[in-house]
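Open the model in your viewer and keep the selection tool ready. This tour goes from stop to stop, telling you what to select and what is there.

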Amino acid sequence: MADGRLIIGTRRYSSWSLRGWLVVHLAGLDVEEVLIPIAGGGGTAGIKVVSPNGLVPYLEHRGARVWESLAIGEYCAEIAPALWPADRVARAHARSIASEMHAGFRPLRMAMPMNLGRQARPLAAPLADDVLGDIARIDAILSETRATFGAGGPYLFGAGLTVADAMYAPVIARFLSYGVTLSPVAAEYAAALRAHPLVVRWYDEAAREPAAWQLDRYESIS
């Protein structure tokens, strides 16, 4: 019998679900996965019924109720401490960049919603300055973090994924599906993260979702 459950949304679109799912699996939590397809407009009624904030991901584990992806990451790191770097300075940096991703980059999120089924290609319209600014900042974060803390690679803090990598996984998916050109170090990191077995598994399961779950507001973006 599982120790709890993890509520997620449609894998094809739900960037926040991907973050929570990754850290739960990296921590080795034994939970039932419950997927509630995202509705076409407004909040999804089924998610509102089960999740305290009406959003995904939402984790129930051995009496703990945890919502918000970063909070789930912190909870999982209490069980699997390697989800944050062992070094104090590196750990402070990891928490800072994870928090920046959690709270920021709205222009990029709005212009490039996650769609794992999108054929890799740039947007038809030129990117706005604020979106370009977000891309440049994220590229700098990835490159500088790898250079400073990623010895032994291939991830941000070395050989294993951390909460910070999980937080950046959906934006990497965006960069790949929207054909964003990255600096060499950031592009190398993006390829490594995409090839991680858990990320491969998430993509594969997303590809098997029913076509009826697809939403025009994401699929029609050109």
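Select Glu68. Its relative accessibility is 33%, so Glu68 counts as partly exposed (buried means under 20% relative accessible area, exposed over 50%, partly exposed in between, with a 1.4 Å probe and protein chains only). Glu68 sits in the loop between S4 and helix H3 (69-79). Helices (H or I, at least four residues) and strands (E, at least two) are DSSP runs, numbered from the N terminus. Now check the backbone: Glu68 has a positive phi of about 75°, although it is not a glycine. Most residues other than glycine have a negative phi, and most peptide bonds are trans.

A word on the source. This is a predicted model, in which local features need pLDDT of at least 70 and side-chain atom pairs count only at pLDDT 80 or more, while totals for chains, interfaces and linings use all residues. Residues are numbered from 1 along each chain as its sequence is written, and side-chain values use heavy atoms, with hydrogens and water left out.

**Stop: Arg62**

Go to Arg62 next. Arg62 is in the loop between S3 and strand S4 (64-67). Is Arg62 buried or exposed? At 64% relative accessibility, Arg62 counts as exposed. Its phi is positive too, about 50°, and Arg62 is not a glycine.

**Stop: the strands**

Select strand S1 (residues 4-8) and strand S3 (residues 58-61). S1 and S3 run antiparallel and are joined by four bridges. Two strands pair if DSSP finds at least two bridges between them. Pick out Arg5: opposite this residue stands Glu60 in S3.

Which way does S2 pair with S1, parallel or antiparallel? The pairing of S1 and S2 is parallel, over four bridges. Find Leu6; its bridge partner in S2 is Glu33.

**Stop: two cis bonds**

Move to Pro57. Pro57 lies in the loop between helix H2 (45-50) and S3. The peptide bond from Val56 to Pro57 is cis, with omega near 0°.

Pro154 belongs to the loop between helix H6 (129-149) and helix H7 (163-177). At 34% relative accessibility, Pro154 counts as partly exposed.

Show the surroundings of Pro154. What does Pro154 touch, not counting residues up to four places away in sequence? Its contacts are Arg146, Ala159, Tyr189 and Ala192, where contact means heavy atoms within 4.5 Å. Now draw a distance from Pro154 to Ala169. The two are 15 residues apart along the chain, and their C-alpha atoms are separated by 14 Å.

**Stop: Ala186**

Select helix H8 (residues 184-194) and find Ala186 within it. The relative accessibility of Ala186 is 0%, so this residue counts as buried. Leaving out residues up to four places away in sequence, Ala186 touches Asp139, Leu142 and Ser143. Ala186 and Leu156 are 30 residues apart in sequence, with 9.8 Å between their C-alpha atoms.

**Stop: Asp204**

Go on to helix H9 (residues 197-207), where Asp204 is found. With 40% relative accessibility, Asp204 counts as partly exposed. Asp204 and Tyr13 are 191 residues apart in sequence and 13 Å apart in space, C-alpha to C-alpha.

**Last stop: the whole chain**

Zoom out and colour by secondary structure. How many helices and strands are there in the protein chain? There are 10 helices and four strands. From the N terminus on, the elements run β-α-β-α-β-β-α-α-α-α-α-α-α-α. The radius of gyration is 17 Å, close to the 17 Å that the globule rule gives for 222 residues, so the protein chain is as compact as a globular protein of that length. That radius is taken over C-alpha atoms; the globule rule is 2.2 Å times the number of residues to the power 0.38.

Buried residues make up 49% of the 222 residues. Among contacts with a separation of 6 or more, 74% come from residues 24 or more positions apart.
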